[in-house]
Amino acid sequence: MLFKGVFVTPFIPPVTMKTLCPAEFNLSLLEEGFTARDSVDQTIIESSTGDDRDAFYVCDLGDLVKKHLRWARALPRVTPFYAVKCNNSISVVRTLASLGCGFDCASKAEIQQIESLGVAPSRIIYANPCKQASQIKYASAHGVQKMTFDSEVELLKVARCHENAKLVLRIATDDSNSVCPLSVKFGATLKGCRGLLQRAKELSLDVIGVSFHVGSMCRDPATYTQAISDARCVFDMAEEFGYKMSLLDIGGGFPGSEDVKLKFEEITAIINPALDKYFPADGGVRIIAEPGRYYVASAYTLAVNIISKKVIVKEQSPSNEEEDDETNEKTMMYYVNDGVYGSFNCILYDHAECLPILHTKPKPDEAMYTCSIWGPTCDGLDRIAEYCSLPDLQMGDWLLFENMGAYTVAASSNFNGFATPDIHYVMSRPAWKCMQQINTQGMPAPVDEAGPACVAASCGSESAVELPAKLHQNLLA
Ligand SMILES: Cc1ncc(COP(=O)(O)O)c(C=O)c1O
């Protein structure tokens, strides 16, 4: 399948019609044949001439463009509202705004950030079921209408603080198969929904739809099917109270990298038929999602430098003296200049496993040692990896960590005075061109390579767009 020239319908029109400029995104365009990985190498070479070998990121914003095209192809009926909490770097959100994404904001500050990009409030969902009253008032004053709820207290607050809220009832899911469950904190039970809908009616509130989140890093696509079917029940239940609901929000939970058992397309292959069954395309229900990790995880590579090292020599017992070679006798502790109080907070908060890649490839016969890797702070908790196998590295050597874009920079701190790494944003020229085209002309519709266009049900503008099919092919390759 590739992309060809008709607006894909569920995607929101682009943010502006103005020409984009790389400086706004703080990004360097990559010369032909040059990749984000080459950028990592170049930065390492440049910093190796001085003493300051600070940790740094390279973020390939072109990866976000690819993800956006991939999303449109895999979930043509679902408009993405990027979950800002996952990574709120300004270049990231600006890129997604330029591509026409909507945004899931959890707070006033996140709403302000997205507003500052010129994104219309209709492209924001305030997707935090438990909100501070003053922040609801802010949303009201700024035209943000869509917001989630899962309790009566929230309904009372919204009735008091928002003139014109369009409420979305968040339901709980069975997220026991997800790495980061969320329904322990949010989501009404199906049983509880009836009372909430009744209360909303009594308060003359407008409930326009249902949302759910299957938990971040969902490992069982059947969770989506069950949640979509549950949402259908709530839509039907709402009719009893006179609500004709029109929005389904299928949340997040999608993987953001390829090092996972369950691939994105394996999940969407389950979601699409469920949507068609419970929410057919001609049923007048708009479908959105709140992907976070999906968009940003693979775009970021983190480079850290070894700042210290300890060699631990095992005490030999007489019995195994002969068997022990040198690699068994020694283990290494490497100390690097970013840790769990910085980018690697994902180990604590996101249950991430972070394994390094050597910047300089080891020789084929190089001895490998059992190692642990530690962050720079004075806390014993600051451990990045307990066991990994690495050669005998030296101070000043670099380690790379891939897929570091989700739930990393967003929650990192400066504890002990260690600064968050600089981020170098890059994008290939074809990706830049593609983003500009999407920004000015809208998303291309997916079409079957073999046959005529299989354009999703139309609800948006139609325009003939000279779309770079080859460009898309290259981007998706
Ligand atoms: C309400 C809500 N929406 C979306 C997301 C993003 O989820 P993910 O990164 O799994 O796509 C989260 C993550 O916690 C969330 O709480």
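**Notes on the ligand site and its surroundings**

1. Let's begin with the annotated active site: UniProt lists Cys-378 under "active site", in an unreviewed entry. UniProt positions are given in the numbering used here, feature names are shortened, and annotations may be inferred rather than shown by experiment. Cys-378 sits in the loop between strand E17 (369–374) and strand E18 (383–390); helices (H or I, at least four residues) and strands (E, at least two) are DSSP runs, numbered from the N terminus. With a relative accessible area of 77%, Cys-378 is exposed. The cut-offs are under 20% for buried, over 50% for exposed and partly exposed in between, with a 1.4 Å probe and protein chains only.

2. A word on what you're looking at: this is a predicted model, in which local features need pLDDT of at least 70 and side-chain atom pairs count only at pLDDT 80 or more, while totals for chains, interfaces and linings use all residues. Residues are numbered from 1 along each chain as its sequence is written, and side-chain values use heavy atoms, with hydrogens and water left out.

3. On to the ligand. There are 15 residues around it, and His-213, Ser-216, Glu-290, Gly-292 and Tyr-407 come nearest; a residue counts here if one of its heavy atoms lies within 4 Å of the molecule. Sorted by class, the shell splits into five nonpolar, five polar and five charged residues.

4. A polar side-chain atom of Tyr-407 is 2.5 Å from a ligand oxygen. For His-213, a side-chain N or O atom is 2.9 Å from an oxygen atom of the ligand. Asp-104 has a side-chain N or O atom 3.0 Å from a ligand nitrogen. Taken alone, the ligand exposes 400 Å², and the protein buries 93% of that; accessible areas come from the Shrake-Rupley method with a 1.4 Å probe, and for residues only the protein chains shown count as cover.

5. Lys-85 carries the UniProt annotation "modified residue: N6-(pyridoxal phosphate)lysine", again from an unreviewed entry. You'll find Lys-85 in the loop between strand E4 (78–83) and helix H3 (90–98), partly exposed at 36% relative accessible area. Leaving aside neighbours within four places in sequence, Lys-85 is in contact (heavy atoms within 4.5 Å) with Asp-104, Ala-106, Glu-110, Tyr-407 and Ala-410. Two of these names, Asp-104 and Tyr-407, also came up at the ligand.

6. Helix H3 has seven of its nine residues buried, so it is largely enclosed by the rest of the structure. The buried ones are Ser-91, Val-92, Val-93, Thr-95, Leu-96, Ala-97 and Ser-98. Just after H3, Gly-100 takes a positive phi of about 95°.

7. Now the loop between E19 and E20, where Tyr-407 is found. Most residues other than glycine have a negative phi. Tyr-407, not a glycine, has a positive phi of about 55°, and Asn-416 has one of about 65°. Asn-416 is in this loop too. Tyr-407 counts as partly exposed at 22% relative accessibility, and Asn-416 is partly exposed at 37%. Thr-408, in the loop between strand E19 (398–401) and strand E20 (422–428), is buried at 1%. Beyond its neighbours within four places in sequence, Thr-408 is in contact with Tyr-57, Gly-342, Ser-343, Asn-345 and Cys-346.

8. Ser-183 is one for the His-213 side. Ser-183 lies in the loop between strand E9 (178–180) and helix H7 (190–202) and counts as buried at 18% relative accessibility. Not counting residues up to four places away in sequence, Ser-183 touches Ala-172, Thr-173, Asp-175 and His-213. A polar side-chain atom of Ser-183 is 3.0 Å from the backbone nitrogen of Thr-173.

9. Finally, the overall picture. The protein chain has 14 helices and 21 strands, and 53% of its 477 residues count as buried. Among contacts between residues at least 6 apart in sequence, 76% join residues at least 24 apart.

Key:
A polar contact is a pair of N or O atoms within 3.5 Å; within protein, one must be able to donate a hydrogen and the other to accept it, and residues adjacent in sequence count only if both atoms are side-chain atoms. Ala, Val, Leu, Ile, Met, Phe, Trp, Tyr, Cys and Pro count as nonpolar, Asp, Glu, Lys and Arg as charged, and the others, Gly among them, as polar.
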